[in-house]
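Here is a short note for a colleague opening this model for the first time. Please read it with the sequence and the structure side by side.

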Amino acid sequence: MQRYANLILLLFYNKNVEKKFMIVCKTLMSLLGGATMAVGLSSIAMAAEFNFNMQGFLPAQATIPSKIIDPWADKIEEASGGRIAITRYASMQLGGKPPELIDQVLDGVTDITWNVVGYTPGRYPSTEVFELPFLVNDAAPASAAFWKMMESDIAEREFGNLKVLGAWVHGPGMIHSNKPVKVPSDFNGMKIRGASRQINGMLKELGATPVGMPVPAVPEAISRGVIDGTTIPWEVTKALKISELVNNHTEFTGPMLYTITFVLVMNKDKYAQLPDDLKAVVNDNSGLEFSIFAGTTQQAYDAPARKIAEERDNNIITLDVAQSAVWANAAQPVYGAWLSEMEGRGIDGQALIDQAKVLMNSAE
């Protein structure tokens, strides 16, 4: 019943009530139909003491849901002895838009979500340190550093009304475009999708016109000519079929062009309702090890996705150290702008940069 109550709440969540009503009806029909699946899910849920729903914005077969989030949820269900059940909804099946996912958890409409932090621009400013250009070398040490900083102070300061379960970054962000991009001036006149404020700021400094949008909107935007390319890691190009939509891909050598931060969060009240032994189950399967696993796994799936572009004979441009340094120098004003904004918010941005570098170096 709680699941259906949550669906009804979604009816009132956004301004577009009519659209929401249709989404709720379709979702209820989906839940009530498909006898085998429905009976199976119901049996699991009925046997569990605590039933949580979890919504994400990518298709279920994409890397993050299938290779990172599902294994996490499966481990918790198994370690709890079936006392916890986590029902997963992909591609925004419960309604809403990707930027609303965290608010849905805050409002108790859903219980758990994972999301790109940058989809809520400026709301969690300290996390943006890991989105600064040419700062991160590898997803594993960066994810470890991100979690340690989250645990030590960012979570309490900026996520105090949520239970943060994981924090990680993806592998190398790069450029996928409809024409070759080798030097920053090649960006002139191009509209490029960026995933966060810092990435959009970087794109502007490099000469492109930044266009912000959640990643599921990218394929249609490219197909319709709304954008000329996008910044995403190789890993997600497979699910979005980017290598079929554009023929040019630009990689960098040395520090990554950029990374995006992700968080896995839970409604704090729902977490508080768990008895201590089940809280321990959630905690033992979350935190530092999970964050490193998430970043490492996401980066590991860059290679298979890159191979798709290779097999299509797409133009893969790999900039060497010197060529990459030209881009890094051109992107430096992003740091000054971010530090100035952080100072205005009463946050020591340089201390965050220094801390991130020390923690990443120690984790390598």
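**Notes on the fold**

1. Start with strands E6 and E7. They pair in the parallel sense over 4 bridges. Strands pair here if DSSP finds at least two bridges between them. Arg193 has Val211 as its bridge partner in E7. Helices (H or I, at least four residues) and strands (E, at least two) are DSSP runs, numbered from the N terminus.

2. A word on the source. This is a predicted model, in which local features need pLDDT of at least 70 and side-chain atom pairs count only at pLDDT 80 or more, while totals for chains, interfaces and linings use all residues. Residues are numbered from 1 along each chain as its sequence is written, and side-chain values use heavy atoms, with hydrogens and water left out.

3. Now the whole chain. It holds 17 helices and 11 strands. Of its 364 residues, 54% are buried. Buried means under 20% relative accessible area, exposed over 50%, and partly exposed in between (1.4 Å probe, protein chains only). The chain exposes about 15600 Å², and carbon and sulfur atoms supply 54% of that area. Accessible areas come from the Shrake-Rupley method with a 1.4 Å probe; for residues, only the protein chains shown count as cover.

4. Contact means heavy atoms within 4.5 Å.

5. E6 and E7 belong to an open sheet of 6 strands. The order is E7-E6-E8-E5-E9-E11, and the pairing is mixed. Strand E7 (209–212) and strand E11 (315–318) stand at the edges, each with a single partner strand, so one side of each has no neighbour in the sheet. On average, neighbouring strands of this sheet are turned by 30 degrees against each other, direction ignored. Axes are lines fitted to C-alpha atoms, for helices over the stretch in contact, and angles run from 0 to 180 degrees between N-to-C directions.

6. Look next at strand E8 (residues 229–233). 5 of its 5 residues are buried, so E8 is largely enclosed by the rest of the structure. Gly229, Thr231 and Pro233 point one way from E8. Thr230 and Ile232 point the other way.

7. Which strands pair with E8? Strand E5 (residues 173–177) pairs with E8 in the antiparallel sense over 5 bridges. There, Ser177 has Gly229 as its bridge partner. Strand E6 (residues 191–194) runs parallel to E8, joined by 2 bridges. Arg193 is bridged to Thr230 in E8.

8. His249 is worth a click. This residue lies in strand E9 (residues 248–251). Is His249 buried or exposed? It counts as buried, at 0% relative accessibility. The C-alpha atoms of His249 and Ser177 are separated by 6.3 Å, though the two are 72 residues apart along the chain. Neighbours within four places in sequence aside, His249 is in contact with residues including Ile175, His176, Trp234 and Ile317.

9. Ala239 sits in helix H9 (residues 234–240). Ala239 is partly exposed, with a relative accessible area of 38%. Its C-alpha atom and that of Pro216, 23 residues away along the chain, are separated by 9.4 Å.

10. There is also an open sheet of 5 strands, with mixed pairing and the order E2-E1-E3-E10-E4. Strand E2 (84–89) and strand E4 (162–169) are the edge strands, and each pairs on one side only. Neighbouring strands of this sheet are turned by 20 degrees against each other on average, direction ignored. Helix H4 (residues 63–79) packs on this sheet and touches E1, E2, strand E3 (112–116), E4 and strand E10 (261–267). The direction of H4 makes about 160 degrees with that of E2. Helix H13 (residues 287–300) packs on the sheet too, touching E4 and E10.

11. Finally, a helix pair. H13 and helix H14 (residues 302–311) pack at an angle of about 20 degrees, with their axes 5 Å apart. That makes H13 roughly parallel to H14. Angles under 35 degrees count as roughly parallel, over 145 as roughly antiparallel, 65 to 115 as roughly perpendicular and the rest as oblique. Gln298, Gln299 and Ala300 in H13 meet Asp302, Ala303 and Pro304 in H14.
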